[in-house]
Structures are given as structure tokens and as C-alpha cells.
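Here are a few notes from a colleague to read with the model open beside you. Take the points one at a time and find each part on screen as you go.

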Amino acid sequence: MKQLYVWSGILTIVLASTTGDVLLARAMKQVGDVGELFKQAGLWKVVGRIVRNPYFLLGVLAMTVAFYALLFGLSWGDVSLVAPASASLTFVANAVAAKFFLHERVDHRRWMAALLVAGGVALLAA
Amino acid sequence: MTFRKYLVLAGVTVFAASGDSLLRHGMTEVGSISLNHLPDLILAILNPWVAVGILCLLGFFASYMTALSWADLTYVLPASSLGYVLLALIAKFILHEQVTTTRWLGILLISAGVGFVTQGPELTHHPPKADLKPCADEAATTRVTP
């Protein structure tokens, strides 16, 4: 039963942080190249444009949920399982989500990268 | 990819790794905070390690957002995972902790993954929506342009 709690915690962390990353990425694509914008309009214009983007606000909300889910997950389960499992599964989930929701071209290079990094993160924290 | 863009990606990596390790060090000095004394969490900012750690994490967020404004999520994320490698190297060469074979293998896998992704383009180019259903004269002009 405890295992079920721990893994549903991990699932919540992965879903929330993937949602957050996808929303933030979409927000920043709408804002446009920050470097160019900064040269044209200055820092405050850039910041204003980012914080008024609804996807950005939702993304930050999702990231907050992910953060608190991680805190709760760490209090229920072993640090050496929860932290690496959620970090490494998030890489794979992000590759899938970026393909379907952001329509990024996730070619074999990027799949390999996501899987290798996920494996590497799991080993580093093991 | 320009030099400035590589600099932003390096910022993502370095700020994430240094922010995490500064916070970890600071919080061990502050000690454990119980749920009954949550206001202690605000006082934790007074610890200089925690304060600098938070500044680093703000730097991470700014450079992460900048990178996402011109590169795909599936490009930025693996590139930013080099921070884990940096943390392990800091542990080995500055803190003189023991880095096990498993962790070296993890470093190898992450580096290989980053190598794979940086070989490709950083951004997927979506055709503008108008191009999907071009009307007759628009189609003619697009054919002429090289």
C-alpha cells in the first residue's frame, strides 16, 4: 500500500512538471526571441510580456504543484527512489509531450538523448 | 547557434547546479524545519548560503526562459542536464567525495545524450499557418522565392 502512495506521488510530480515545462515552452515561443526583444524594447518590456502571458502563469502554477508534490513525495518515500525516479521519468515524459503538444520534431537523435539522459540521471542518484 | 546562445545554455547548467548545492549546504546549516514552525522557513533566507542559492536559482529560471524562447524543449532539457554532471565533478574534485562507478556510468550516459541532441538543429521550424492553404497568387510567389 505504501508503494502505491509513493508511485502515485512520483506520477503526480512527473505529470505536474511536464505540464509546467510544456506550458512555459509554449509561453516563451509566443513571447519570441528574448534576445531580439530585449535589444528592441528593453528589459521591462520583455518581463512585462512574459508575466502577462497566460501560459506562463499556468506553467508557474504547474511547477508549484510539482514542487509541493516533490516535498510530499520525499516525506512519504525514500529520497533515493523518489528524486531520481521522478527526475528521470520527467525527461521521457517531456519528449512525448513536446512531440504531441508542442509539435516539436522529436527525431531519433532526440529520443536517444531523452532515454540516455533519463538513464544517466537514474544512475547518478542511485 | 551563436556563441551568445551557448552562453545562455551554460548559464542554465551552471546556475542550476550551483543553486542546488548552495541551498543544500545552507539548509544543513539551518537545520530541519518542522511543520509546526513554518515561519522558520522565511527566516532561512537570512542564511547567506540560502540567499545566494536563491539568487542562483533566479538566474537559472531567467536563462531557462531565455533558452526556451529560441530553442525546442527537447533541446534545452537534455542540454540543461549537464548540471548533474557538473554536480558530480564538483563532488569529486572540490568536495573530495567518492564518486562510484555507477555514478561515472551515469555521467557517461548523460554526456552521450547531450552529444546526440546538440548535433541536430535547436528549433523545429513550423511553416506559418497561411502556407498550409496558399491561394493561387501566394503559391506562385512562394514558388519563385528560392
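This is a predicted model: local features need pLDDT of at least 70, side-chain atom pairs count only at pLDDT 80 or more; totals for chains, interfaces and linings use all residues.

1. For chain B, the mean pLDDT is 81, with 86% of its residues at 70 or more.

2. Which elements of chain B have the lowest and the highest mean pLDDT? The lowest belongs to helix α7(B), residues 136-144, with 45, and the highest to α3(B), with 93. Look at residues 131-146 of chain B too: pLDDT stays under 50 there, and the model has 3 contacts beyond four places in sequence for that stretch.

3. Now for the overall make-up of chain B. Of the 146 residues in chain B, 34% count as buried. Take the contacts in chain B between residues at least 6 apart in sequence: 73% of them join residues at least 24 apart.

4. Is helix α4(B) mostly covered or mostly open? Mostly covered: 8 of the 8 residues in this helix, which spans 73-80, are buried. Among them are B:L73, B:Y75, B:V76 and B:L77, along with B:T74 and B:S80.

5. Next, find B:N47, which sits in the loop between α2 (39-43) and α3 (48-70) of chain B. Why is B:N47 called partly exposed? There are 17 other C-beta atoms within 10 Å of B:N47, and partly exposed means a count between the 12 or fewer of an exposed residue and the 20 or more of a buried one. Apart from neighbours within four places in sequence, B:N47 touches B:G26, B:E29 and B:V30. For a sense of scale, B:N47 and B:F93 are 46 residues apart in sequence and 26 Å apart in space, C-alpha to C-alpha.

6. On to where the chains meet. Chain A puts 34 residues into the contact and chain B puts in 30. On the chain A side, the elements giving two or more residues are α1 (2-31), α2 (34-41), α5 (79-101) and α6 (108-125). The biggest giver is α6(A), with 12 residues. Sorted by class, that side of chain A has 21 nonpolar, 6 polar and 7 charged residues.

7. Within chain A, look at α1(A) and helix α4(A), residues 54-76. They pack at about 160 degrees, with their axes 7 Å apart. Angles over 145 degrees count as roughly antiparallel, and that is why α1(A) and α4(A) get that description. The crossing of α1(A) past α4(A) is left-handed. The contact between them has 19 nonpolar, 8 polar and 1 charged residues.

8. Last, compare that with α2(A) and helix α3(A), residues 43-51. Here the angle is about 130 degrees, and the axes are 7 Å apart, which makes α2(A) oblique to α3(A). From α2(A) come A:V34, A:L37, A:F38 and A:A41, and they meet A:L43, A:K45 and A:V46 of α3(A). By class, the residues in this contact are 6 nonpolar, no polar and 1 charged.

Definitions and conventions: Residues are numbered from 1 along each chain as its sequence is written. Chains are lettered from A and ligands numbered from 1 in the order in which they are written. Helices (H or I, at least four residues) and strands (E, at least two) are DSSP runs, numbered from the N terminus. Two residues are in contact if their C-beta atoms, placed from the backbone, lie within 7 Å. Ala, Val, Leu, Ile, Met, Phe, Trp, Tyr, Cys and Pro count as nonpolar, Asp, Glu, Lys and Arg as charged, and the others, Gly among them, as polar. Axes are lines fitted to C-alpha atoms, for helices over the stretch in contact, and angles run from 0 to 180 degrees between N-to-C directions. Angles under 35 degrees count as roughly parallel, over 145 as roughly antiparallel, 65 to 115 as roughly perpendicular and the rest as oblique. pLDDT is the predictor's confidence in each residue, from 0 to 100. A crossing is left-handed if the near helix is turned anticlockwise from the far one by less than a right angle, and right-handed if clockwise.
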